[in-house]
Amino acid sequence: MAMAIIDFMGQRNPQLRDEDNYKHKLWDHLYILAEYDLDVDSPYPFPTMEQLAEKPKRMEYPKLQGDFKFYGKSILQLIEKAIELEEGDEKEALIEVIANNMKKSYNVYNKEHVTDDVIFRHLKELSENRLDLTGIDSLEKSKIYYSSNTNRSNSNNNNNNRSNNNRNNQANNKRRHNNNNTNSNHKNRK
């Protein structure tokens with residue numbers, strides 16, 4: 001009888017099958033539902049009341065650095081990665097990407113415009129003075145910003161040209177269609 005109940009519980013909760021030892025959990029649930037008074041041969045040992053009454057350990061939440069919580073853990077991980085890289089173009093590019101993302105995060109969280117100097121100062125503080133962008137006047141003047149914007153504007157121009165060509169072709173097709181209809185109407189009248 002207990003096996004039939006366990007099978008039924010498994011059918012009613014198919015999401016449990018994805019977990020490890022789901023059969024063990026079902027046997028534990030059956031024992032709890034029977035209020036610890038069950039006389040069956042179980043393939044698993046039944047939990048004691050003390051084990052079930054035991055509170056789980058308190059989870060530690062990740063601690064982000066003080067006033068810079070709005071940058072998030074991913075920015076901190078990117079900063080660590082940039083620190084590990086050797087000097088060169090790749091490191092400079094990553095630092096500029098980090099600074100741009102920091103600026104976006106700051107603007108989303110604070111709902112106000114931020115100057116690049118503030119971002120540079122925060123980056124320097126978060127990296128414990130190991131990353132420095134004092135060589136760049138502003139983020140808009142960086143190589144990454146210009147290369148991505150010129151690519152974006154070129155693709156926008158191409159898209160605009162395509163859509164204008166499509167509109168012109170459609171207008172020409174309508175004119176031809178209207179001219180054909182007018183010519184056939186004139187022929188029918190005669």
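Is the crossing of H4 and H5 left-handed or right-handed? It is left-handed. A crossing counts as left-handed if the near helix is turned anticlockwise from the far one by less than a right angle, and as right-handed if clockwise. Helices (H or I, at least four residues) are DSSP runs, numbered from the N terminus.

This is a predicted model: local features need pLDDT of at least 70, side-chain atom pairs count only at pLDDT 80 or more, and totals for chains, interfaces and linings use all residues. Residues are numbered from 1 along each chain as its sequence is written, and side-chain values use heavy atoms, with hydrogens and water left out.

Stay with H4 and H5. They pack at an angle of about 165°, with their axes 10 Å apart. Axes are lines fitted to C-alpha atoms, for helices over the stretch in contact, and angles run from 0 to 180 degrees between N-to-C directions. That makes H4 roughly antiparallel to H5, the word for angles over 145 degrees. H4 makes the contact (heavy atoms within 4.5 Å) through Ile75, Leu78, Ile79, Lys81, Ala82 and Ile83. H5 answers with Lys91, Leu94, Ile95, Ile98, Asn101 and Met102.

Now turn to H5 and H6. Their axes come within 10 Å and cross at roughly 115°. H5 and H6 are therefore roughly perpendicular to each other; the range for that label is 65 to 115 degrees. H5 passes H6 in a right-handed crossing. On H5, the contact is made by Ile95, Ile98, Ala99, Met102, Lys103 and Tyr106. On H6, it is made by Asp116, Ile119, His122, Leu123 and Leu126.

Leu126 belongs to helix H6 (residues 116-126). Leu126 counts as buried because its relative accessibility is 4%. Buried means under 20% relative accessible area, exposed over 50%, with a 1.4 Å probe and protein chains only. Leu126 and Glu80 are 46 residues apart in sequence, yet 9.5 Å apart in space, C-alpha to C-alpha.

Next, the cores. In soluble globular proteins, nonpolar side chains tend to be buried together. A nonpolar core is a set of buried Ala, Val, Leu, Ile, Met, Phe, Trp, Tyr and Cys residues joined through side-chain atoms within 4.5 Å. The largest one here has 23 residues. Those with the most contacts inside it are Tyr71, Ile79, Ile98, Met102 and Leu123. Helix H4 (72-84), helix H5 (89-110) and H6 each supply at least two residues of this core. H5 gives the most, with six residues. Leaving aside neighbours within four places in sequence, Ile98 is in contact with Ile75, Leu78, Ile79, Ala82 and Leu123. Apart from this core lies another, of seven residues, among them Ala2, Ile6, Leu16 and Leu26.

Phe70 is buried, with a relative accessible area of 16%. Not counting residues up to four places away in sequence, Phe70 touches Ser105, Tyr106, Tyr109 and Asn110. Phe70 and Asn107 are 37 residues apart in sequence and 9.7 Å apart in space, C-alpha to C-alpha.

Key. Parallel < 35°, antiparallel > 145°, perpendicular 65-115°, else oblique.
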